[in-house]
Amino acid sequence: VAACNSATAAGLQAIGVGEGVRVGLFMPNCPQFVISYYAILKAGGTVVNYNPLYSVPEIAHQVNDSSTSIMITLALNALYPKVAACLGNTALKTVIVSQFEEALPPIKRVAFRLLKRKDIARIPQDEKHLSFQAMLASGATLRPVAIHPASHVAVLQYTGGTTGVPKGAVLTHMNIYANTVQCGLWFTGLRHGEEIIVGALPLFHVFAMTTVMNLSLHTGSTMLLHPRFVLQNILRDVHRKRPTLMPGVPTMFAALNNHPDIGKYDLSS
């Protein structure tokens, strides 16, 4: 992952990402999200998190409001067409597309391409589109970037918009780092390098961004990512893979407690 992160950062710099350049992430929880998030920061750019359930008008508003010029997404029909609809008529100029199955083990990768063929989007071959894998293999050299933690904008985190249109909260590198350290201190007894954290909350939201992704990196923990909260999958993974932390919201824990077969699963970890 570290090698992919640096290669991705170098590839992003090669297409112009640096200070002041806003790069959007439009995808569910997956390794590509994590790699891209830190690559954007390493390249000196600013991450703009997008809810993958957004409609085209919602995406277009946030693209223009944040001046997002590059978007990283997955070649899935549930995602890519909505991003494509914003190309050319918003601030969005370039779309970097990753194949979802690229993060899967070889056997599951083949199975996904066969069984989920209808879910895979067709991507145009033109100057507005760039393959995530091609960017990884670009061979570009990463240029170190001087970061000023208290003033350099790391993330534009958009609010939920419950009382109006979403608004971008400006988070500096110092904001994010301080929040991550606070979380690490709150969970007393964390064993650095030994914890396994369930990532079922969406990483595009500040809660999971901090308590799953950034805390995992800060403590050297393993991330057990789930693209979405599917109760049966969570129960099976906790039983088999023995995670030690699970940030969540009350409805998630209520669903676990009320599952009729909860006694069949060992949740003691």
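A search of the whole structure, which is a predicted model, finds zero disulfides. C86 takes part in no disulfide, and the nearest cysteine sulfur, that of C30, lies 19 Å away. A disulfide would require the two sulfur atoms to be within 2.5 Å. Both cysteines can also be described by their accessibility. C30 is buried, its relative accessible area being 3%, and C86 likewise counts as buried, at 1% relative accessibility.

The next feature is a helix pair. Two packed helices are described by the angle between their axes and the distance between the axes. For helix α2 (residues 31–43) and helix α8 (residues 206–219), the axes come within 12 Å and cross at roughly 75 degrees. Angles of 65 to 115 degrees count as roughly perpendicular, and α2 and α8 are therefore roughly perpendicular to each other. On the α2 side the contact involves F33, V34, Y37 and Y38, which meet M209, M213, N214 and L217 in α8. The residues of this contact comprise seven nonpolar, one polar and no charged.

The backbone provides the last topic. Most residues other than glycine have a negative phi. S67, however, has a positive phi, near 60 degrees. This serine is located in the loop between α3 (56–66) and β3 (68–74), and S67 counts as partly exposed at 42% relative accessibility. R242 also has a positive phi, near 55 degrees, in a residue other than glycine. R242 lies in the loop between α9 (231–241) and α10 (250–257). With a relative accessible area of 33%, R242 is partly exposed.

Terms used
Residues are numbered from 1 along each chain as its sequence is written. This is a predicted model: local features need pLDDT of at least 70, side-chain atom pairs count only at pLDDT 80 or more; totals for chains, interfaces and linings use all residues. Side-chain values use heavy atoms; hydrogens and water are left out. Buried means under 20% relative accessible area, exposed over 50%, partly exposed in between (1.4 Å probe, protein chains only). Axes are lines fitted to C-alpha atoms, for helices over the stretch in contact, and angles run from 0 to 180 degrees between N-to-C directions. Helices (H or I, at least four residues) and strands (E, at least two) are DSSP runs, numbered from the N terminus. Angles under 35 degrees count as roughly parallel, over 145 as roughly antiparallel, 65 to 115 as roughly perpendicular and the rest as oblique. Contact means heavy atoms within 4.5 Å. Ala, Val, Leu, Ile, Met, Phe, Trp, Tyr, Cys and Pro count as nonpolar, Asp, Glu, Lys and Arg as charged, and the others, Gly among them, as polar.
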